[in-house]
Amino acid sequence: LNQSIRNNMVLPGLVSGTKGLAGGGGLLSFIDRDGETELSQEWARQLRVKSAHLDQAVGELSGGNQQKVVLAKWLMTGPEILFLDEPTRGIDVGAKVEVYHWIQK
């Protein structure tokens, strides 16, 4: 919850968002930051995550927007199957409609 929206969204798909080890220097030297930003902006837009910016901590978001970030992070990995357990528990009706839309999609 204390990590940014961007970090939460891209973490599961980190391997697909990297450029490789050319250049060395550890993990931060080969992550495609522009690609991370583009992907997280696109998913935040598609799921209509309401936030001040992508560097905002997920814990500062409403419950519905936190759920959208969780959904986005796993949808970004392109799963064939996604198991969800009470994905709309505790969120408002408007956010539920949006989450159910993405589940059906």
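This is a predicted model: local features need pLDDT of at least 70, side-chain atom pairs count only at pLDDT 80 or more; totals for chains, interfaces and linings use all residues.
Leaving out the residues within four places of it in sequence, Lys 73 makes contact with Asn 8, Met 9 and Pro 12.

One of the partners of Lys 73 deserves a visit of its own. Pro 12 is found in the loop between H1 and H2, and its relative accessibility of 32% makes it partly exposed. Apart from residues up to four places along the chain, Pro 12 is in contact with Lys 73, Trp 74 and Thr 77.

Now step back to see the whole protein. The model holds four helices and zero strands, so the pattern read along the sequence is α-α-α-α. Of its 105 residues, 34% count as buried. Consider the contacts between residues at least 6 apart in sequence: 60% of them join residues at least 24 apart. The accessible surface comes to about 6,900 Å², and carbon and sulfur atoms account for 54% of that area.

The largest nonpolar core has 19 residues, and the members that touch the most others are Ile 5, Met 9, Trp 43, Leu 47, Val 49 and Val 69. At least two residues of this core come from each of helix H1 (5–10), helix H2 (33–46), H3 and helix H4 (93–104). H3 gives the largest share, with four residues.

Trp 43 leads us to another feature. How many aromatic pairs does a search of the whole structure find? The search turns up one. In this pair, Trp 43 and Trp 102 have ring centres 5.7 Å apart and planes at 55° to each other, an arrangement that counts as tilted. Because Trp 43 belongs to helix H2 and Trp 102 to helix H4, the pair ties together parts that are 59 residues apart in sequence. Trp 43 counts as buried, with a relative accessibility of 15%, and Trp 102 is buried too, at 12%.

Finally, turn to the backbone in two loops. Most residues other than glycine have a negative phi. Arg 48 has a positive phi, near 55°, although it is not a glycine. Its place is in the loop between H2 and H3, and at 51% relative accessibility it counts as exposed. Glu 86, another residue that is not a glycine, has a positive phi of about 50°. Glu 86 lies in the loop between H3 and H4 and is partly exposed, with a relative accessible area of 47%.

Methods. Residues are numbered from 1 along each chain as its sequence is written. Side-chain values use heavy atoms; hydrogens and water are left out. Contact means heavy atoms within 4.5 Å. A nonpolar core is a set of buried Ala, Val, Leu, Ile, Met, Phe, Trp, Tyr and Cys residues joined through side-chain atoms within 4.5 Å. Buried means under 20% relative accessible area, exposed over 50%, partly exposed in between (1.4 Å probe, protein chains only). Rings of Phe, Tyr and Trp (its six-membered ring) pair if their centres lie within 6.5 Å; planes under 30 degrees apart count as stacked, over 60 as edge-to-face and the rest as tilted. Accessible areas come from the Shrake-Rupley method with a 1.4 Å probe; for residues, only the protein chains shown count as cover.
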